[in-house]
Amino acid sequence: MTAETEIENRMSGTSTQKKTVGLIGIGLLGSAIASRLIRAGFTIWGHDQSAQAMSEFSTLGGQPIVKLGDVPVAANAVVLCLPDSDVVEKVVVEIIPRLNPGSILIDTTTGDPKRTRAIAELSLIHISEPTRL
């Protein structure tokens, strides 16, 4: 199945994928997480700015997604494995509006704890009151 097909299925409510995870950032940590989740039977939809990382991810059995904003649409949970809080904030602002209802967002980034808390609060505000953003 292609990312585009899964996104269309989720948007129309016809997806049959139950164990899906979106992964943003497929470096050392992201690829290790992907490998373990794939072995556990999850479908992993992933995005990285690096073409090499995307190729290696595909070799692991992951499903590459070219557009960052499509990752949360294709998955039940999204895991961020990013370099710092600046990148996390930019990514979260882009993906939060596209998260599926009931989705989980997990940030594994080693970032600034105060900024991580602020980003989490922004995410919660959007989920509970999307018009405030």
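The model is predicted, so local features need pLDDT of at least 70 and side-chain atom pairs count only at pLDDT 80 or more, while totals for chains, interfaces and linings use all residues. Residues are numbered from 1 along each chain as its sequence is written, and side-chain values use heavy atoms, with hydrogens and water left out.

**The big picture**
- You'll find six helices and five strands in the chain; helices (H or I, at least four residues) and strands (E, at least two) are DSSP runs, numbered from the N terminus.
- Walk along the sequence and the pattern reads α-β-α-β-α-β-α-β-α-β-α.
- The chain has 133 residues, and 39% of them count as buried, meaning under 20% relative accessible area, with exposed over 50% and partly exposed in between (1.4 Å probe, protein chains only).
- Take the contacts (heavy atoms within 4.5 Å) between residues at least 6 apart in sequence: 58% of them join residues at least 24 apart.

- Five strands form an open sheet in the order β3-β2-β1-β4-β5, with parallel pairing; two strands pair if DSSP finds at least two bridges between them.
- β3 (63-64) and β5 stand at the edges with a single partner strand each, so one side of each has no neighbour in the sheet.
- Helix α3 (residues 51-60) packs on the sheet and touches β1 (20-24), β2 (43-47) and β3.
- The direction of α3 makes about 170 degrees with that of β2, where axes are lines fitted to C-alpha atoms, for helices over the stretch in contact, and angles run from 0 to 180 degrees between N-to-C directions.

**Zooming in on β4 and β5**
- β4 (residues 77-80) pairs with β5 in the parallel sense over four bridges.
- Ala77 sits opposite Ile104 in β5, and Leu80 sits opposite Asp107 in β5.

- Ser103 lies in the loop between α5 (85-95) and β5 (104-107).
- Ser103 counts as buried because its relative accessibility is 19%.
- Leaving aside residues up to four places away in sequence, Ser103 touches Ala75 and Asn76.
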